[in-house]
Amino acid sequence: MKIATFNVNNINKRLPNLLAWLRSEQPDVACLQELKTAQQDFPAAAIEQAGYGAVWRGQKTWNGVAILARGAVPVVTRLGLPGDPADTQSRYIEAAVNGILIACLYAPNGNPQPGPKFDYKLAWLARLARHARALCKTGAPVVLAGDYNVVPTAFDIYPTTSWNDDALVQPASREAFAKILKQSWVDSIRLMHPDRPMYTFWDYMRNRWPRDKGLRLDHLLLSADLAKLLEDAGVDRWVRAEQNASDHAPAWIVLRESRRRSRAAAKPRRRST
């Protein structure tokens, strides 16, 4: 089972790029962020024609998250991150797909910092940590996938001082991400590629893509039991090189079928009479 996360940076503007990626890579589940479209303007028909069912939370101009499933419709379990009823930003959606709970998230950027936007970022990540802990306690297989807007360590960004004042690399942001990992979540990309930066974002400014001056912002965190099924992980860098590309590239994992599910699939079913 292949699960991917992709900040599309405006789904309607980059719909041809998204559809080309879906055709080429055929993820079973795709978590999308930064839809930048109102709920009613989500391109559901085009995505359905590509073979995917979808659930989404749109928001005009900014934000927006969606979960796509190949040949199926995700079963929504939650339409927002709990902990703040006054927060109306479309940054979190959760759904079940093929026996796995998929959380698609788009954490706040937090700039400029310090200030109210950075305070909101840290409060949002704290809410995510509390909800992640609750999900851990259920024992369900869970993937927390999305754009966390956090560069976890210095290894996850090209050698530079130009980002030192940015919210993405602040000690408080990194500690918020580390706090989630300490609950027993597994950073799948880093587990499979301990010696490579595995950038997922290259700013449009200063020719950073051709010079490979990237950051790793997009993460797929796995519950401990699910991490045991991890077979492969990577980043589809070619997507970033396409015309009209998002400033992000999709990150993905491949999970093998559990023995229990494989045996269930192999067991012949008794015909009804």
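The model is predicted, so here local features need pLDDT of at least 70 and side-chain atom pairs count only at pLDDT 80 or more, while totals for chains, interfaces and linings use all residues. Residues are numbered from 1 along each chain as its sequence is written, and side-chain values use heavy atoms, with hydrogens and water left out.

**Nonpolar cores**

- The largest nonpolar core has 42 residues. A core here is a set of buried Ala, Val, Leu, Ile, Met, Phe, Trp, Tyr and Cys residues joined through side-chain atoms within 4.5 Å; buried means under 20% relative accessible area, exposed over 50%, and partly exposed in between (1.4 Å probe, protein chains only).
- Ile3, Ile67, Ile102, Val143, Leu215 and Leu255 have the most contacts inside that core.
- Strand 7 (residues 100-106) gives the core its largest share, four residues. Helices (H or I, at least four residues) and strands (E, at least two) are DSSP runs, numbered from the N terminus.
- Leaving out residues up to four places away in sequence, Ile3 touches Val29, Ile102, Val143, Leu220, Ala251, Trp252, Ile253 and Leu255; contact means heavy atoms within 4.5 Å.
- There's also a second, separate core of 21 residues, and Ala103, Leu128, Tyr148 and Ile180 are among them.

**Charged side chains**

- The structure holds ten salt bridges, each one a side-chain nitrogen of Lys or Arg within 4 Å of a carboxyl oxygen of Asp or Glu.
- Lys2 and Glu25 form one of them, at 3.5 Å from N to O. The two are 23 residues apart, with Lys2 in strand 1 (residues 2-7) and Glu25 in helix 1 (residues 15-25).
- Lys2 counts as buried, at 14% relative accessibility. Lys2 also lies over the face of Trp252, at 4.8 Å from the ring centre (the rule: NZ of Lys or CZ of Arg within 6 Å of the ring centre and within 35 degrees of the ring normal).
- Lys36 and Glu34 meet in a salt bridge at 3.4 Å, N to O, and Glu34 counts as buried at 11% relative accessibility.
- Glu175 pairs with Lys182, with the closest N and O atoms 3.7 Å apart. Glu175 is partly exposed at 42%, whereas Lys182 is exposed at 64%.

**Aromatic pairs**

- Four aromatic pairs turn up. Rings of Phe, Tyr and Trp (its six-membered ring) pair if their centres lie within 6.5 Å; planes under 30 degrees apart count as stacked, over 60 as edge-to-face and the rest as tilted.
- Phe6 and Trp21 are edge-to-face, because their ring planes sit at 65°, with the centres 5.3 Å apart. Phe6 is in strand 1 and Trp21 in helix 1, 15 residues apart, and both are buried.
- Trp202 and Trp209 make another edge-to-face pair, with centres 4.8 Å apart and planes at 85°. Trp202 is buried, at 0% relative accessible area.

**Helix 3**

- Helix 3 (residues 116-138) has 23 residues and should span 33 Å at 1.5 Å a residue; its end C-alpha atoms are 33 Å apart, which agrees. The expected span is 1.5 Å times one less than the number of residues.
- Its buried residues include Phe118, Lys121, Trp124, Arg127, Leu128 and His131.
- The cover over the buried residues includes strand 5 (75-78), strand 6 (92-97), strand 7, strand 8 (142-147) and helix 4 (171-181).
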